[in-house]
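Look over the sequence and the fold first. Then read the report below alongside them.

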Amino acid sequence: LQRYYYSAVTVENSNLVITARKLDDTNTKWQSWSSGSVHTQGLFYQTYGRWEARIQFPHITGAFGAFWMLGNSCVHEYAEDEQWTVTSEITWPQCGEIDVTETIPGSSNRAQSNIWSYSGTSLGGKASGTYDMTAYHVYAMEWTPEYIETYIDGNLIGRWTFSDYNASAVQ
C-alpha cells in the first residue's frame with residue numbers, strides 16, 4: 001500500500017528518520033501511502049560480516065517497520081513528483097532477501113527475522129520474545145559462510161545454517 005519517496009528519508013539530530021504519510025488519492029495514480037528506504041545498490045555490496053542498527057519502531061496499526069536486505073541485483077523503485085526511477089531488471093524474490101528484523105503488524109512487543117530464497121520460499125521465520133518495540137533496541141545480523149544469525153540487544157533470535165539449505169538459494 002505504499003511507494004518509496006526520496007523526501008520520506010531525512011536525518012534529524014544525527015538520526016535517520018523514515019516518515020510514512022497518507023497521500024491524497026486524487027493526486028497520485030499509485031499507492032495511498034508514501035514511505036522511504038535506504039539503498040546502497042551501486043555504492044556498497046558485502047556478502048559476509050556483521051550489520052547492526054539502533055532502531056525505534058512506531059506502534060501504528062498497519063505499520064510494518066523493518067531492517068532488511070535485498071540482493072544487490074534487485075529492483076528498487078523511487079519516486080518524486082510521480083517520476084519513477086527503476087534501478088534494475090531483477091525483481092523479488094529472484095534477488096533474495098534477508099529480514100534482520102520486521103515488526104509484526106498490529107504488535108508492539110514482537111519482531112521476527114526471516115530469510116527468503118530466490119524462489120520466494122521462506123527458509124523459516126524466527127520470532128522474538130517480548131520486547132517493547134516502540135523503545136530503541138539494537139538489531140544485528142552475523143553472516144558467515146556457515147550460518148546467518150539475528151539478534152535483538154545481543155540476544156539470539158534466529159539462526160540458519162547453510163548445511164540445512166541449498167546455500168546458493170540464500171546468497
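In which sense do β1 and strand β5 pair, and over how many bridges? They pair in the parallel sense, over 3 bridges. R3 has S34 in β5 as its bridge partner. Pairing here requires at least two bridges found by DSSP between two strands. Strands are DSSP E runs of at least two residues, and helices are H or I runs of at least four, numbered from the N terminus.

This is a predicted model: local features need pLDDT of at least 70, side-chain atom pairs count only at pLDDT 80 or more, and totals for chains, interfaces and linings use all residues. Residues are numbered from 1 along each chain as its sequence is written, and side-chain values use heavy atoms, without hydrogens or water.

**Strands and sheet**

The protein chain has 0 helices and 15 strands. Three of these form an open sheet in the order β1-β5-β4, with mixed pairing. β1 and β4 are its edge strands, each pairing on one side only. Elsewhere, β2 and β3 run antiparallel, joined by 4 bridges. T10 stands opposite V17 in β3. The two strands make a hairpin with 2 residues between them. N13, in the turn, has a positive phi of about 50 degrees.

| β1 | 2-4 |
| β4 | 21-22 |
| β5 | 33-35 |

**Surface**

I18 counts as partly exposed because its relative accessibility is 41%; the class lies between buried (under 20%) and exposed (over 50%), with a 1.4 Å probe and protein chains only. The protein chain exposes about 10,000 Å², 51% of it from carbon and sulfur atoms.

Buried residues make up 35% of the 171 residues. Contact means heavy atoms within 4.5 Å. Beyond four places in sequence, F67 touches W51, E52, A53, I55, D99, V100, T101 and Y139.

Conventions
Accessible areas come from the Shrake-Rupley method with a 1.4 Å probe; for residues, only the protein chains shown count as cover.
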